[in-house]
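Please read it alongside the sequence and coordinates.

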Amino acid sequence: MRAWDHPEVGSPGLSRVVCQESGDTLALALVVRTILVTGSSGLVGSEVCLYFAQEGYSVHGLDNNQRRVFFGPAGDTRWNQQRLQREVRGFAHHELDVRDRAGLLELVRSLQPALIVHAAAQPSHDRSAAIPFDDFDTNAAGTLNVLEAARQACPESPFVHMSTNKVYGDGPNRVPLTEKETRWDYADPAFDHGILETFPLDQCLHTVFGASKVAADLMVQEYGRYFGMPTCCLRGGCLTGPGHSGVELHGFLSYLVKCNVEGAEYRVFGYKGKQVRDNLHSHDVARFIEEFAKSPRGGEVYNLGGGKANSCSVLEACRIIEEVTGRPQRFTYVAENRRGDHICYYSDLRKARAHYPAWDVSITLGETIRQIAESWTAKSTS
Ligand SMILES: NC(=O)c1ccc[n+]([C@@H]2O[C@H](COP(=O)([O-])OP(=O)(O)OC[C@H]3O[C@@H](n4cnc5c(N)ncnc54)[C@H](O)[C@@H]3O)[C@@H](O)[C@H]2O)c1
């Protein structure tokens, strides 16, 4: 058999097949592709690690548990790192800070990854005002460090950056809204499908976090356009799932379910609890990344959330959680809204679907909440 006839040639886990003939014997050495995931102990990072391990990749994760520094013990992500070390055969954890420029370059040079997913970040807009240097150094400079290491070591490898819908600042709040019984919604039919990637970024309030993510997002686009690298920014809506270490300042749905399971009180900030988020299970984020990696483009941006079908207001989320767990959701209402918070946001997914027709949202909001509840229940009884 010739090497290129081997049934596994071209399968996603293999970067090449080397063939040596000796007499009648044909030996095949299969070289496995490597993925490097920053923020691997976090929600998105851990899901990407699990997903690509199943696709046959050799998985390298980078994380320094900075989430615990940002949010205290409740934000600790070591449990997730340990889960990956248990469940992913050959998983390699790198205890490294994305602010460590030299360390990153050395790591990326040594791994030569076939795919990089950058999910390490200070992810909270509320937290960012108290730690502007940590926020900017991690989100903006950290992203540049990962990008530049990739450019020097593996410029052909697809580079996926986890951006956010907060790059649009509070601009979406200017879209005319209609108030419904349990939620706000867009009154302008131009937004029937949600917010598009062409929505303006400037002349609005972003918070320090939103601004540092804009810097990162533009830099990732620039490395695509200026240097011709296959980069993309995924502007996440509310990304969620059982792998989140939800805290009050970040991970709304995870934290809301946690409060329900533990009988704790959740604080709803402003907008009558009718503010709308679109929720996407992190498994569907990983599936999108796979599609991009198979057929990458350069300097692209995609709004990636649950879309209109998986959107809910805080009030509606409480009701669904109560149905799932059978427990009452306790909450108090704080009249003042969070600064920069979106009143109504759901992603227009038409561009993501058009560029990658094999991808769509596959996990419903109800199923996502069920999985999160199951995970918090297991943690609270262990
Ligand atoms: N979860 C969401 O709702 C959401 C929405 C939009 C965008 N995003 C973006 O997706 C990405 C991942 O979000 P997430 O929810 O998985 O966050 P997360 O906090 O669960 O995970 C981030 C991980 O990065 C690590 N980290 C932070 N700073 C680091 C540093 N300096 N060096 C090394 N590791 C560091 C943390 O310890 C954590 O484990 C972020 O860029 C975030 O802005 C998330």
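The expected span of a helix is 1.5 Å times one less than its number of residues. Helices (H or I, at least four residues) and strands (E, at least two) are DSSP runs, numbered from the N terminus. The model is predicted: local features need pLDDT of at least 70, side-chain atom pairs count only at pLDDT 80 or more, and totals for chains, interfaces and linings use all residues. Residues are numbered from 1 along each chain as its sequence is written, and side-chain values use heavy atoms, with hydrogens and water left out.

**Helix α7**

- Helix α7 (residues 207-225) has 19 residues and spans 27 Å from its first C-alpha to its last, close to the 27 Å expected.
- Its buried residues (under 20% relative accessible area, with exposed over 50% and partly exposed in between; 1.4 Å probe, protein chains only) include Phe209, Ser212, Lys213, Ala216 and Val220.
- An α-helix has 3.6 residues a turn, so residues three or four places apart point the same way.
- The cover over the buried residues of α7 includes α5 (125-128), α6 (132-153), β7 (159-164), β10 (231-236) and β14 (300-304).

**Asparagine 139**

- Asparagine 139 is in helix α6 and is buried, at a relative accessible area of 1%.
- Beyond its neighbours within four places in sequence, asparagine 139 is in contact (heavy atoms within 4.5 Å) with Ala121, Gln122, Phe209, Ser212, Lys213 and Ala216.
- Its side chain makes a polar contact with the side chain of serine 212 at 3.1 Å. A polar contact is a pair of N or O atoms within 3.5 Å; within protein, one must be able to donate a hydrogen and the other to accept it, and residues adjacent in sequence count only if both atoms are side-chain atoms.
- Proline 123 is 16 residues from asparagine 139 along the chain, and their C-alpha atoms are separated by 8.5 Å.

**The sheet β11-β13-β15**

- Three strands form an open sheet in the order β11-β13-β15, with mixed pairing; two strands pair if DSSP finds at least two bridges between them.
- β11 and β15 are the edge strands, each with a single partner strand, so one side of each has no neighbour in the sheet.
- Neighbouring strands are turned by 40 degrees against each other on average, direction ignored.
- Strand β11 (residues 238-240) pairs with β13 in the parallel sense over three bridges, and leucine 239 has leucine 280 as its bridge partner in β13.
- Strand β15 (residues 311-313) runs antiparallel to β13, also joined by three bridges; the bridge partner of aspartate 278 in β15 is serine 311.
- In strand β13 (residues 276-281), six of six residues are buried: Val276, Asp278 and Leu280 point one way, and Arg277, Asn279 and His281 the other way.
- Helix α9 (residues 282-294) lies across β11 and β13, at about 65 degrees to β13. Axes are lines fitted to C-alpha atoms, for helices over the stretch in contact, and angles run from 0 to 180 degrees between N-to-C directions.

**Cysteines**

- The count of disulfides (pairs of cysteine sulfur atoms within 2.5 Å) is zero.
- Cysteine 232 is in no disulfide, and the nearest cysteine sulfur, in cysteine 233, is 6.8 Å away.
- Cysteine 232 is buried at 1% relative accessibility.
- For cysteine 204, the closest cysteine sulfur is that of cysteine 344, at 16 Å, which is too far for a bond.
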